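Please show me around this structure. I would like to take it step by step.

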Amino acid sequence: MDRPPGLSVRLKLTLSYAGFLLLAGVLLIAAVGFFLLRQGEPAFNSAGAVQATPATMFLKAFAPTAVAAMTFLLVFGLLGGWILAGRMLAPLNRITDATRLATTGSLSHRIRLPGPNDEFRELADTFDTMLARLEAHVAEQRRFAANASHELRTPLAISKSLLDVARTDPDHDTTELIDRLHTVNTRAIDLTEALLLVSRAEQRSFTRERVDLSLLAEEATETLLPLAEKHGVTLETHGDITPTTGSQALLLQLTTNLVHNAIVHNLPEGGTVRVTTGVRLGRAVLTVENTGEQLAEELVPTLTEPFQRGTERIHTDHAGVGLGLAIVKTITHAHDGTLTLTPGTAGGLRIDVELPAA
């Protein structure tokens, strides 16, 4: 944005300091002069005639001293004001330099302004916090983009290989080829839709409405009941009315992802998934617990990262696209909620989603 050149803040502060100092000097000298004029007596010569009035004596004796004092105050105000303004604005210059570095893409720089807390240091600390969050967000987006590119490249590469085989071998079974292409294409479509869902949730481009999490939990468990029966998992759902505000479609996706994840990452047989809802301390809480293998403490925080599946990156018939819990995390944050993952002492995982209660 083009702006016309103007006076610097340091020069403006210097002129302000000098101006206030001169004004105070003028008022002080005026008060002293008024006092002298009131107290002074006229001077008489030997003949008894008035030789000099108090005003004349004031101008001859006090005025030169007042002018010298005002000159000194002007020079002192300009010099002292310039030095003081420079010291006061030094933290602002560091903040400005850090801002310029950030505009060039360098987000690792921090101001770290020393000294006791004041307005400048509070601004610097806030700016450092913003830079740290922005750097983490950019790094996460770059990692997400790299993982997404890798995941999308896999089905495309498989499709290309299948088509190359079909082209070089005309007698190849076309039914098998079509089935495999359909599976690969379906996976690519699911991944693309999941990426679009993550983007939509991050942008918060949805209309908020009143939603009951208990109804969403019932709908999700009913939808996934055939999958649970296939894996030999028992679904348990109970809870009170749990009102919150947000997108019903996104919150249903969140609940479905949690229940689906709890079903497929469970015991080989005889597993259990418990879904509970309720209001605690003014927060709407959705809890999904499951049985399963013992999870290491250091592994649990990584489960919400994109394309992270269980203990390793796997591709099975129920592995999904690797965005299940990442979508849950994004939707939760978009609804101003918190997501907590706790490994079970006997195995499995407990996931708590806390949202603002309606």
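What follows is a short tour in questions and answers.

Visitor: What kind of model is this, and how are residues numbered?
Guide: This is a predicted model, where local features need pLDDT of at least 70, side-chain atom pairs count only at pLDDT 80 or more, and totals for chains, interfaces and linings use all residues. Side-chain values use heavy atoms, with hydrogens and water left out, and residues are numbered from 1 along each chain as its sequence is written.

Visitor: How many helices and strands does the chain have?
Guide: Helices (H or I, at least four residues) and strands (E, at least two) are DSSP runs, numbered from the N terminus. On that basis, the chain comes to nine helices and nine strands.

Visitor: What share of the 358 residues in the chain is buried?
Guide: Buried means under 20% relative accessible area, exposed means over 50%, and partly exposed lies in between (1.4 Å probe, protein chains only). Among the 358 residues of the chain, the buried share is 32%.

Visitor: What percentage of the contacts with a separation of 6 or more joins residues 24 or more positions apart?
Guide: Contact means heavy atoms within 4.5 Å. Of the contacts in the chain with a separation of 6 or more, the share from residues 24 or more positions apart is 69%.

Visitor: Which residue stands opposite T340?
Guide: Strand β8 (residues 338–343) runs antiparallel to strand β9 (residues 349–356), and six bridges join them. In β9, the residue opposite T340 is D352.

Visitor: Which residue takes a positive phi in the hairpin of β8 and β9?
Guide: This hairpin has five residues between the strands. The phi in question is near 115°, and the residue is G347.

Visitor: Which residue in β7 stands opposite G278?
Guide: β6 and β7 run antiparallel and are joined by eight bridges. Opposite G278 stands V285.

Visitor: Is L281 buried or exposed?
Guide: L281 lies in the loop between β6 (271–280) and β7 (283–290). Its phi is positive, near 55°, in a residue other than glycine. The relative accessibility of L281 is 89%, so L281 counts as exposed.

Visitor: Is R112 buried or exposed?
Guide: R112 sits in the loop between α3 (63–103) and α4 (119–168). R112 is not a glycine, yet its phi is positive, near 50°. With 61% relative accessibility, R112 counts as exposed.

Visitor: Are α6 and α8 parallel or oblique to each other?
Guide: Helix α6 (residues 213–223) packs on helix α8 (residues 248–264) at about 50°, with axes 9 Å apart. The contact includes L213 and L216 of α6, and L251 and L252 of α8. Angles under 35 degrees count as roughly parallel, over 145 as roughly antiparallel, 65 to 115 as roughly perpendicular and the rest as oblique. Therefore α6 and α8 are oblique.

Visitor: What handedness does the crossing of α5 and α9 have?
Guide: The axes of helix α5 (residues 174–203) and helix α9 (residues 324–334) come within 8 Å and cross at roughly 20°, so α5 and α9 are roughly parallel. A crossing is left-handed if the near helix is turned anticlockwise from the far one by less than a right angle, and right-handed if clockwise. Here the crossing is left-handed.

Visitor: How far apart are the C-alpha atoms of S16 and G77?
Guide: S16 is in helix α1 (residues 9–39) and is partly exposed, with a relative accessible area of 33%. S16 and G77 are 61 residues apart along the chain. Their C-alpha atoms are separated by 9.0 Å.

Note on methods. Two strands pair if DSSP finds at least two bridges between them. Axes are lines fitted to C-alpha atoms, for helices over the stretch in contact, and angles run from 0 to 180 degrees between N-to-C directions.
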